[in-house]
Amino acid sequence: MRSVFETTVTVVGNVATDVVLRQTQEGSHFVGFGVISVERRFDAKAGDWSEGNKLFVWVTGWRRLADGAVASLKKGDPVVVNSRANIARPC
């Protein structure tokens with residue numbers, strides 16, 4: 001069930017860590033991996049692209065999504081991750 005004002009986040013980047021499949025004590029599968037997104041800007045004076053800010057996020061997926069991710073993703077692969085924002089504590 002989704003909320004009306006639920007925050008969603010989309011990150012375009014590359015898988016930055018190993019994709020690890022784990023299991024809870026109850027038997028549910030989940031996967032975890034890091035994604036890095038690097039801003040690129042065109043420097044008109046230099047006539048070249050340069051790296052800007054970097055964003056690292058940790059992704060957790062459950063059940064069938066976890067099984068699919070571990071079967072198809074590896075470190076370095078390009079990904080687009082779209083999810084609800086899961087904030088550990090309110091701002």
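Is Trp 62 buried, partly exposed or exposed? At 39% relative accessibility, Trp 62 counts as partly exposed, where buried means under 20% relative accessible area, exposed over 50%, and partly exposed in between (1.4 Å probe, protein chains only). Welcome to a short tour of this protein, which is a predicted model: local features need pLDDT of at least 70, side-chain atom pairs count only at pLDDT 80 or more, and totals for chains, interfaces and linings use all residues. Residues are numbered from 1 along each chain as its sequence is written, and side-chain values use heavy atoms, with hydrogens and water left out.

**Overall layout**

- The protein has 1 helix and 5 strands; helices (H or I, at least four residues) and strands (E, at least two) are DSSP runs, numbered from the N terminus.
- Starting at the N terminus, the order of the elements is β-β-β-β-α-β.
- Of its 91 residues, 19% count as buried.
- Among contacts (heavy atoms within 4.5 Å) with a separation of 6 or more, 58% come from residues 24 or more positions apart.

**The largest pocket**

- The largest pocket holds about 810 Å³ of space. On a 1 Å grid over the protein atoms alone, a pocket is an open set of points where a 1.4 Å probe fits, with protein on both sides within 12 Å along at least five of seven lines. Grid points are joined across faces, edges and corners, and the volume is the space filled by probe spheres set on the points.
- Its lining comprises 23 residues, and Val 59, Thr 60, Val 81, Ser 83 and Arg 84 lie nearest the centre; a lining residue has an atom within 4 Å of a point.
- Strand S1 (8–15), S3, strand S4 (48–62), helix H1 (63–72) and S5 each give two or more residues to this lining.
- By residue class, the lining divides into 15 nonpolar, 5 polar and 3 charged. Here Ala, Val, Leu, Ile, Met, Phe, Trp, Tyr, Cys and Pro count as nonpolar, Asp, Glu, Lys and Arg as charged, and the others, Gly among them, as polar.

- Trp 62 lies in strand S4. Leaving aside neighbours within four places in sequence, Trp 62 is in contact with Thr 24, Ser 28, His 29 and Phe 30.
- Trp 62 and His 29 are 33 residues apart in sequence, yet their C-alpha atoms are 5.9 Å apart in space.
- Arg 63 belongs to helix H1 and counts as exposed at 55% relative accessibility.
- Most residues other than glycine have a negative phi. Arg 63 is not a glycine, but has a positive phi of about 55 degrees.
- Gly 27 sits in the loop between strand S2 (20–23) and S3, and is partly exposed at 32% relative accessibility.

- Ser 37 is found in strand S3 (residues 29–43). The Ser 37 side chain reaches the backbone oxygen of Val 12 at 2.8 Å.
- Beyond four places in sequence, Ser 37 is in contact with Val 11, Val 12, Gly 13, Asn 53, Lys 54 and Leu 55.
- Asp 77 lies in the loop between H1 and S5 and is buried, with a relative accessible area of 16%.
- The side chain of Asp 77 reaches the backbone nitrogen of Lys 74 at 2.9 Å.
- Not counting residues up to four places away in sequence, Asp 77 touches Gly 13, Asn 14, Val 15 and Ser 72.

- Ala 85 lies in the segment after strand S5 (78–84), and is partly exposed with a relative accessible area of 32%.
- Ala 85 and Thr 7 are 78 residues apart in sequence, while their C-alpha atoms are 5.6 Å apart.
- Apart from residues up to four places away in sequence, Ala 85 touches Thr 7, Thr 8 and Val 9.

How values were computed
A polar contact is a pair of N or O atoms within 3.5 Å; within protein, one must be able to donate a hydrogen and the other to accept it, and residues adjacent in sequence count only if both atoms are side-chain atoms.
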